[in-house]
Amino acid sequence: MEENMNITICDNYDEMSIETAKFIINYLKNRQNPLVCFAAGDTPVSTYKCLVESARRGLVEFKGIKFVGLDEWVGMSEKDEGSCRNFLNKTLFEPLFINRSNIIFFDACSEDLEGECRKVDDYIRQNGPIDLMLIGIGVNGHIGLNEPGTPFDSCSHVVELTSLTKRVAQKYFNEKKELDKGITLGMKHVMEANCVILIASGTKKARIIKEAVEGNITNDIPASLLQLHKNCYLFLDKEAASMLNKN
Ligand code: PGA
């Protein structure tokens with residue numbers, strides 16, 4: 001089922017991060033004022049370090065780029081340690097000196113979360129599609145916070161988090177957090193993006209990578225929809241790829 005997916009298997013996490021950063025740098029070279037969406041999470045940390053280092057060395061330029069946020073925990077702002085925006089500010093936006101006016105993000109503290117969804121959807125409709133997306137995958141197959149069962153034609157929406165996501169997400173915070181809902185771009189945005197890169201590392205991701213890549217396309221595993229994406233690249237380390245048939 002995975003003919004459409006371009007899969008690169010790297011020896012380890014560091015190599016996966018370097019290869020992903022190289023791909024991004026190369027992709028962005030030929031783009032005029034692209035709209036990009038880079039995920040928060042543990043997996044892209046080293047990729048972002050490589051991008052920041054490459055920008056310092058003049059190998060890539062982020063000035064004309066507009067960034068759209070993928071997702072956020074409802075009730076959290078950029079001031080909250082561990083929120084998606086806080087993470088991206090620290091790892092990417094601030095080290096790259098990205099002008100705040102070039103960043104569009106859900107305000108997950110808003111009293112009008114539906115309005116926030118419309119704000120981001122409208123922005124993408126007018127300035128999109130998203131040119132390049134870098135995403136991770138949850139152990140339940142979620143992309144962004146598109147949890148299992150999310151309709152494939154969804155735009156931005158507010159989501160009840162699964163108990164697994166709530167539990168796994170504790171790793172982002174210094175103290176226990178009561179997580180309840182998320183706000184996220186939809187699968188429609190992912191599928192309409194010109195290019196999607198999915199990265200995954202470690203044995204904990206091996207089973208879901210196998211299901212997403214070689215299993216049925218089903219909204220029980222949102223990442224499986226990527227089998228139908230026209231321009232999708234997976235960068236995996238050996239461990240994340242260890243259950244794939246071809247490995
Ligand atoms: P991770 O998150 O990179 O921290 O594993 C991935 C995800 O849940 O999408």
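Analyst: The largest cavity holds about 30 Å³ of space. This is a predicted model, in which local features need pLDDT of at least 70 and side-chain atom pairs count only at pLDDT 80 or more, while totals for chains, interfaces and linings use all residues. Residues are numbered from 1 along each chain as its sequence is written, and side-chain values use heavy atoms, with hydrogens and water left out.

Some terms come next. Rolling a probe the size of a water molecule over the atoms shows where empty space is left. The search runs on a 1 Å grid over the protein atoms alone. A cavity is a set of points where a 1.4 Å probe fits but cannot get out. A pocket is an open set with protein on both sides within 12 Å along at least five of seven lines. Lining residues have an atom within 4 Å of a point. Grid points are joined across faces, edges and corners, and a volume is the space filled by probe spheres set on the points.

Back to the cavity. The count is 1 cavity of 30 Å³ or more. Its lining is made up of Met5, Ile137, Leu198, Ile209, Ala212, Val213, Ala223, Leu226 and Leu234. By class, that lining has 9 nonpolar residues, no polar and no charged. Here Ala, Val, Leu, Ile, Met, Phe, Trp, Tyr, Cys and Pro count as nonpolar, Asp, Glu, Lys and Arg as charged, and the others, Gly among them, as polar. Helix 7 (residues 206–214) gives the largest share of the cavity lining, 3 residues. Helices (H or I, at least four residues) and strands (E, at least two) are DSSP runs, numbered from the N terminus.

Now the pockets. The largest pocket has about 690 Å³ of space. Its lining has 36 residues, and Ala40, Gly41, Asp42, Lys171 and Tyr172 lie nearest its centre. Helix 3 gives the most to this lining, with 5 residues. Strand 4 (71–73), helix 3 (84–93) and helix 5 (163–168) each supply at least two residues. The lining divides into 15 nonpolar, 14 polar and 7 charged residues.

The ligand sits in this largest pocket; more than half of its atoms lie within 2 Å of the pocket's grid points. Around the ligand are Gly41, Asp42, Thr43, Gly136, Ile137, Gly138, His142, Lys171, Tyr172 and Lys205, each with a heavy atom within 4 Å. This shell has 2 nonpolar, 5 polar and 3 charged residues. Ile137 is in the shell, and Ile137 also lines the largest cavity.

The side chain of Thr43 has an N or O atom 2.4 Å from a ligand oxygen. For His142, a polar side-chain atom is 2.7 Å from an oxygen atom of the ligand. For Lys171, the value is 2.8 Å, again from a polar side-chain atom to a ligand oxygen. Taken alone, the ligand exposes 280 Å², and the protein buries 87% of that (Shrake-Rupley method, 1.4 Å probe).

Val52, Ala55, Arg56, Val60, Glu61, Phe62, Lys63, Pro95, Leu96 and Phe97 line it. By class, they are 7 nonpolar, no polar and 3 charged.

Key:
Polar contact = N/O pair within 3.5 Å; in protein donor to acceptor, adjacent residues only side chain to side chain.
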